[in-house]
Amino acid sequence: MENEKPLVSIITTAYNSEKWIRTLADSILAQDYPNLEWVVVNDGSTDSTESIVFEYRDRFAALEGRTLKVKYIKQANAGLGPATITGMQNISGAYFTQIDSDNYYKSGAITKLYEALSSHPDALFAQADCQGFRIVDGKEVPAIRFSYAYGIDSDLMNKNEDPLFYFAQEKKAFLFGLWFVDTEKYRQVNPTLLFTPLKKLQDFQILGQLYASGKKVYVPEVLLMMYFRPGSLSQDSVTDPQTFDETFNAGRSSIDFLQIPNEQKERAKAFIGFRYAKSVLSETREQRNWPVFRRYLKFVVSARKSYPVLNSIGQSRSYYYWSYRFYPLRKLIRRFFKKK
């Protein structure tokens, strides 16, 4: 029967989300998948987030012909990473996914992800694309579309010959999007469902674990809408070198929670660090922070030496070095031609 499909848990962390969590709740209500659990972690909200969630809990419970229940957890404010861990450790579903309180699902998103993953029994997780948007004069205005393919042929990517290699070459925007996980398979490699938590960028830790330990299915379609909200954690730019280091270390240390061979762990740490180090090179070049730039460039060079397959990604050491040195001149030239 249709309503006997496996339970899917949707994790949402919420902090003072009264302005937008209704849109998310409505998108969950509109899903055609018949067996859902919405796990809401209220991370110390002081607004009406709780009462809104309770309102939808009652509406969900009154539905006929499908199961849509709410599991509500309230805790002191701890940040996005710890709140996500709380949510993950309270799921009941055979599958789980995560969505921020200011985003929402496109119609049919959960069904499409479930069908993609369940039709590939060797895969651990599925991913789909995301469309960014802003609110201008009360209307949604499309912004950047984030795709997990980035010019890589989706059929080739789905062969999963080396998932970590694809992880290493994805651009900075890979953090945005939608992932959908087989819970039992994930527990086999990460029984505690733990990662190294930060106040934001929890996807970096979780996706690193997933790519390090299993295969994925890519759904080349926008299934999630992401609100580019001023002041949100995901939209804050990273400028503090300490934050670079915290994120870099957290992404690599999260691999230690996995029950995989040590050789596989070390390779995962190198590839994850390589992917992140490339983005830091770009950021610190613009900031003119030579000590941090040089430190991460050394890591890129070291990772390539240990794993030559990485030589095909990005640019050479000389390119990065000279791009740093000549970056102010390049900006000046661009500004000159722009004025013309």
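I began with Q209, which is buried at a relative accessible area of 0% (buried is under 20%, exposed over 50%, and partly exposed in between, with a 1.4 Å probe and protein chains only). The model I am reading is predicted, so local features need pLDDT of at least 70 and side-chain atom pairs count only at pLDDT 80 or more, while totals for chains, interfaces and linings use all residues. Residues are numbered from 1 along each chain as its sequence is written, and side-chain values use heavy atoms, with hydrogens and water left out.

I placed Q209 in helix α8, residues 202–213 (helices are DSSP runs of H or I with at least four residues, strands are runs of E with at least two, and both are numbered from the N terminus). Leaving aside residues up to four places away in sequence, I found that Q209 touches Y186, N190, L194, F195, S254, I255, F257 and L258, where contact means heavy atoms within 4.5 Å.

Next I looked at backbone angles, since most residues other than glycine have a negative phi. L193, which is not a glycine, has a positive phi of about 55°; I located L193 in the loop between α7 (183–189) and α8, and L193 is buried at 1% relative accessibility. R288, also not a glycine, has a positive phi of about 60° and sits in the loop between α10 (262–287) and α11 (290–306), where R288 is partly exposed with a relative accessible area of 34%.

Last, I turned to F326, which lies in the loop between α12 (317–325) and α13 and is partly exposed, at 46% relative accessible area.
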